Amino acid sequence: MITLALSKGRIFDDSLPLLKAAGIEVLEDPEKSRKLIIGTTRPDVRVVLVRATDVPTYVEHGGADLGVAGLDVLLEHGGGLYRPLDLNIAKCRMSVATRADFDYAAAVKQGSRIRVATKYTHAAREFFATKGVHVDLIKLYGSMELAPLTGLADAIVDLVSTGSTLRANHLVEVEKIMDISSRLVVNPASLKLKREPLRALIDAFESAIQP
Ligand code: ATP
Ligand code: MG
């Protein structure tokens, strides 16, 4: 049995065409069913539905043989996983955003300490350290946009796609940190034990990636 870990929502939706290209269709719609384990048209392949941030944990510890996770999630998780493919799905960017009335460029130039709220503390620490900017990082688990509006922080590091959430909260994107997409991650032990079927699956995904 091959177990693929996916999260509900955009990663699941964007993975369906890749699965289909590999000749695999899921037998249940996760938005309609409450099942957490979904069978597929391939009797030896099943999908487990987990939180996006839990995908690397499942794959690293063998709860799943492979999974699809955002680069943002993988950077916070750390190593321990084989990452053979950029699937080019669930694309967005990780950026710094502030209130429109906060002069980010001046704060950076003056070497001021900037209070930054984010879910992505590893990526943010590394980015600001490389830039030589002093930051106090404040770890949040959601609704980052609220932090500058309430005075909790001067800036946030968050994912942006269209920018409409930032605009709705009167925030402006002041610097892009990196482009984000989702990656296929594989458990290294599974790759040894189930080499043939996993290789075939990885190759099928690879041929189906859209530029
Ligand atoms: P939850 O919404 O359950 O709290 P989550 O925010 O981690 O968890 P999703 O919103 O499904 O889960 O995001 C999954 C992945 O999709 C993220 O890790 C990121 O790589 C990518 N992503 C997040 N936001 C966007 C976006 N606005 N546009 C495109 N891709 C995104
Ligand atoms: Mg989300």
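Domain bounds here come from an automatic or database domain assignment. With those bounds, select domain 1 (2-90 + 181-208) and domain 2 (92-179): both give residues to the shell around ligand 1, so the ligand lies between them. This is a predicted model, in which local features need pLDDT of at least 70, side-chain atom pairs count only at pLDDT 80 or more, and totals for chains, interfaces and linings use all residues. Residues are numbered from 1 along each chain as its sequence is written, chains are lettered from A and ligands numbered from 1 in the order in which they are written, and side-chain values use heavy atoms, without hydrogens and water.

Next, select ligand 1 and its surroundings. The shell holds 15 residues, with Arg10, Arg51, Asp72, Lys91 and Ser161 the closest (a residue is near if one of its heavy atoms lies within 4 Å). By class, seven are nonpolar, two polar and six charged (Asp, Glu, Lys and Arg count as charged; Ala, Val, Leu, Ile, Met, Phe, Trp, Tyr, Cys and Pro as nonpolar; the others, Gly among them, as polar).

Now show the N and O atom pairs within 3.5 Å. On Asp72, a polar side-chain atom is 2.6 Å from an oxygen atom of ligand 1. On Arg10, the distance from a polar side-chain atom to a ligand oxygen atom is 3.2 Å. At Ala90, look at the backbone: one of its polar atoms lies 3.3 Å from a nitrogen atom of ligand 1.

Note on methods
Polar contact = N/O pair within 3.5 Å; in protein donor to acceptor, adjacent residues only side chain to side chain.
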